[in-house]
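Open the structure in your viewer and keep the selection panel at hand.

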Amino acid sequence: MISVALPKGRLGNKVFDIFASVGYDCEEMRSDSRQLVFTSEKNGISYFLVKPSDVSIYVEHGAADIGIAGKDILLEYEPDVYELLDLGIGKCKMCVAGKNNFKDNPEVALRIATKFVNITKAYYKSINRDIEIIKLNGSIELAPILGLSDVIVDIVETGTTLKENNLGVLTEIMPISARLIANKASYKFKTDEIRRIVSRFGEELKND
Ligand code: PRP
């Protein structure tokens, strides 16, 4: 039996479809319910639906054997897990964004609102820029609009949120995509099963 932490939402649904097509279907998952645990004894799989940013916590602590997490979360929290496969889906970019006419003044610390404190620190350290971080938990785009910060560091997928708030990308920091991760002990004790999933996923994604 393998347990999988799936991110709730569009990415999780897409990943579940891949699991189903490589032999890990679970009929119950197709029901429209608020249930969070779905098990198929027949196919030897259990799915947990979790908040995307929590997937790596479940996997690191062994509550789930494997999971699907964004590279952004892995870089930000550095969970002690194995990263086994880049799924090449859930693609987006970590960016610095702000008002389109924003002019940086290198004489003063740049005020940055973000959920991604560690990624932000590492990036600005790499370019030797003084910063002040304002940690927010969502709707980050509001910060430069209200003057709470000069810029933001956030995920940009379609760019719609920035555009609809009259903001734009100032710098692309790095590309992000979804990764298949595994708990280290699970990988040791369920090596064959987990490797089989990784190789079937690889094949399926190649044919996509
Ligand atoms: C993320 C991100 C941006 C938005 C980008 O927010 O923080 O706000 O998606 O997507 P787009 O480029 O396709 O518009 P999320 O939906 O996770 O909500 P949040 O406000 O809670 O961060």
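Select the ligand and K115: an N or O atom in the side chain of K115 is 2.6 Å from an oxygen atom of the ligand, a polar contact (a pair of N or O atoms within 3.5 Å). The model is predicted, so local features need pLDDT of at least 70 and side-chain atom pairs count only at pLDDT 80 or more, while totals for chains, interfaces and linings use all residues. Residues are numbered from 1 along each chain as its sequence is written, and side-chain values use heavy atoms, with hydrogens and water left out.

At S139 it is a backbone N or O atom that lies 2.8 Å from a ligand oxygen.

Now show the largest pocket, where the ligand sits, with more than half of its atoms within 2 Å of the pocket's grid points. A pocket is an open set of points on a 1 Å grid over the protein atoms alone, where a 1.4 Å probe fits, with protein on both sides within 12 Å along at least five of seven lines; lining residues have an atom within 4 Å of a point. Its volume, the space filled by probe spheres set on the points, is about 1,200 Å³. Of the 47 lining residues, P52, D72, C92, K115 and I155 are the closest to its centre.

Key:
Polar contact = N/O pair within 3.5 Å; in protein donor to acceptor, adjacent residues only side chain to side chain.
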